[in-house]
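Student: I have not looked at this structure before. Could you take me through it step by step?
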Amino acid sequence: MERREIAPVLVECTLCPKQCRIPEGRSGDCRVRINIDGRLRASTYGTVVAAHVDPIEKKPFFHFHPGATALSIAAAGCNLHCDGCQNWEISQANPEEAEAHPLPPEELARMAAREGAPLVAFTYTDPIVYYEYACDSAVACAARGIGSVLVTAGYANDAPIRALFRLVKAATIDVKAFDDAFYRSHCGGGLKPVLNTLVAAREEGIWLEVSNLVVPGMTDDPVKIGELCRWVRQNLGEDVPLHFLRFAPHYRQENLPATPVATMDRAWQIARDAGMRYVYVGNVPGHASESTKCASCGALLIERAGYRLLSIRLKDGRCPSCGGVIPGVFGGQG
Amino acid sequence: MKRRDDGGVAGAIPRRTFLAALVTAIAAVLAAFALPVRRAVLPASPAVLTVSKPPLRPLTRNDLYRAHDLAG
Ligand code: SF4
Ligand SMILES: [Zn+2]
C-alpha cells in the first residue's frame, strides 16, 4: 500500500489536557499511550496489574449500593504524578516493567460474575489512561447485568470523559486540592479540567461522590478546604458525599507524617459549616463520621465499621425517623 | 559553597549536562513544530506490549487478593 508520509508523524493524544504529541515508538506522559506506525495505541489494553474484590465502601462510595462488593481492577500508569501517590508502585510504573496479567473485557465480566460481585470498579491507578479497556469492559459487564463504577482524579478532556460516564453507573472523583499551583507543582496536572469533569459527571446523571486526600502541610490549609467545599456545594449540590481521606506517608512524601486526626476533624467541620450534608473522614478506623446519619434529624441510617457495613436502616430511600429523602442509589436495600 | 574537583559547585547541575539538556529541549521543541501532527481519533486501538517483562501470565485466583492494601 502506498504510504504518503515521508516524515515521521507526531500523534497527538486528545484524551487528557496534556495532549501529548508523541513521536514514533514513544509514549505520552502517562507512559501508557504509544505511537506505533503513526497511530495512537493503548498499550495496557486488556491487562491488569491489580485485581481484588473490595467492599464498595473502600473506593470510597458510601451512598451507592452500601455493602456491595466490586471486582476492582487497574492497568498500569497514570496521567498525574502526585508526590504522595498512595498506589505509586502501579500508577507510576512503566507498563513494560509492571507485572501484568491478561484479562480481556469479556473475561473480566465473567470473573465478576464468578466472584459474585454485582459491580466492577476501575480504580487504583486512573481509568482515564486505560480508557479504551474501561469503556469496553463496562459494555461487556453491562451485558451480564454487572454495573461499572469509576474512581478517578478526573484529569481528562470533556468529550472522552463524558463518553465514559455514559457507560458507568457512578464515579468517585478525587480532587487533590482546590489549588491550581498545587496541581502543577505536586501532581503534574491542573485544577480546571478536574472541576470540568465533576460538572460533567453531574450533567451526565451518574451517581457522584467526591474525595480529597488531606496531606499535612500540603493540602490541609483550612482556607483551601473551605473553598473546595463551597465550590462543591455551589456546583454539585449539598447532598454530594464528600470524603476527606487521611494521608499515610508514601512515594515522594515518605518524609511527611500521617495526617493528625485533629486535622481530619477540622476538615470535616469546615465542610459541615459550608453546608455539606454528608461528610466523611476516611482511613481513620472508628472515626465518628464513618457511619451515615440523616442530615435532617441525625438518625443513624447506615452503620459502618471501617469499610464494613454493619446495618442499614432506610425505608424506600428515606430516613425512617423523619421521612427525609437520603441522596444515593440504594437499589433494593432500603 | 563547596567546589567539586571539576570546578563545579556541589549539588548544582553540571554545566555540560545542563547545556546538553538545553540543546535537546530546544531540538524537541523545533521538531514538534516541524513534524506533521495527527490528532488521534479516540478510542485508540489496543496494542499488546511486545516488550513486557516479566511475561504475561494468566490471572489466577490468588492474584485476586494481592491488591488488598491498595488505596481506592
Ligand atoms: S492520556 Fe497520556 S498520552 Fe494522552 S494526553 Fe494524557 S498523558 Fe498524554
Ligand atoms: Zn431523618
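**A first look at the model**

Tutor: His63(A) lies in the loop between β6 (50-55) and β7 (69-74) of chain A, where strands (E, at least two residues) and helices (H or I, at least four) are DSSP runs numbered from the N terminus. This is a predicted model, in which local features need pLDDT of at least 70, side-chain atom pairs count only at pLDDT 80 or more, and totals for chains, interfaces and linings use all residues. Residues are numbered from 1 along each chain as its sequence is written, chains are lettered from A and ligands numbered from 1 in the order in which they are written, and side-chain values use heavy atoms, with hydrogens and water left out.

Student: Is His63(A) buried or exposed?

Tutor: His63(A) counts as buried because its relative accessibility is 0%; buried means under 20% relative accessible area, exposed over 50%, and partly exposed in between (1.4 Å probe, protein chains only).

Student: And what does His63(A) touch?

Tutor: Leaving out residues up to four places away in sequence, its contacts include Trp207(A), Tyr278(A), Tyr280(A) and Phe330(A), a contact being heavy atoms within 4.5 Å.

Student: New topic: which residues coordinate the zinc ion (ligand 2)?

Tutor: The SG atoms of Cys294(A), Cys297(A), Cys319(A) and Cys322(A) do so, at 2.3 Å. Donors are N, O and S atoms within 2.8 Å of the metal (3.2 Å for Na, K and Ca); water is not among the atoms, so sites may look incomplete.

Student: Why is the arrangement tetrahedral?

Tutor: It is tetrahedral because the 4 donor atoms subtend angles of 105 to 116 degrees; four donors qualify if all angles lie between 85 and 135 degrees.

Student: How are the donor residues spaced in sequence?

Tutor: The spacing is C-x2-C-x21-C-x2-C. Cys294(A), in the loop between β15 (292-293) and β16 (300-305), and Cys322(A), in the segment after β17 (308-312), are 28 residues apart and link distant parts of the chain. Cys294(A) counts as buried at 4% relative accessibility, whereas Cys322(A) is partly exposed at 39%.

Student: What about helix α7: which of its residues are buried?

Tutor: Among them are Ile225(A), Leu228(A), Trp231(A) and Leu236(A). The buried residues of α7(A) pack against α6 (191-204), β12 (207-214), β13 (242-246) and α8 (261-273) of chain A.

Student: And what follows α7(A)?

Tutor: Gly237(A) follows α7(A), with a positive phi near 105 degrees.

Key:
Four donors count as tetrahedral if all angles lie between 85 and 135 degrees; four count as square planar and six as octahedral if opposite donors are over 155 degrees apart and all others between 65 and 115; anything else is irregular.
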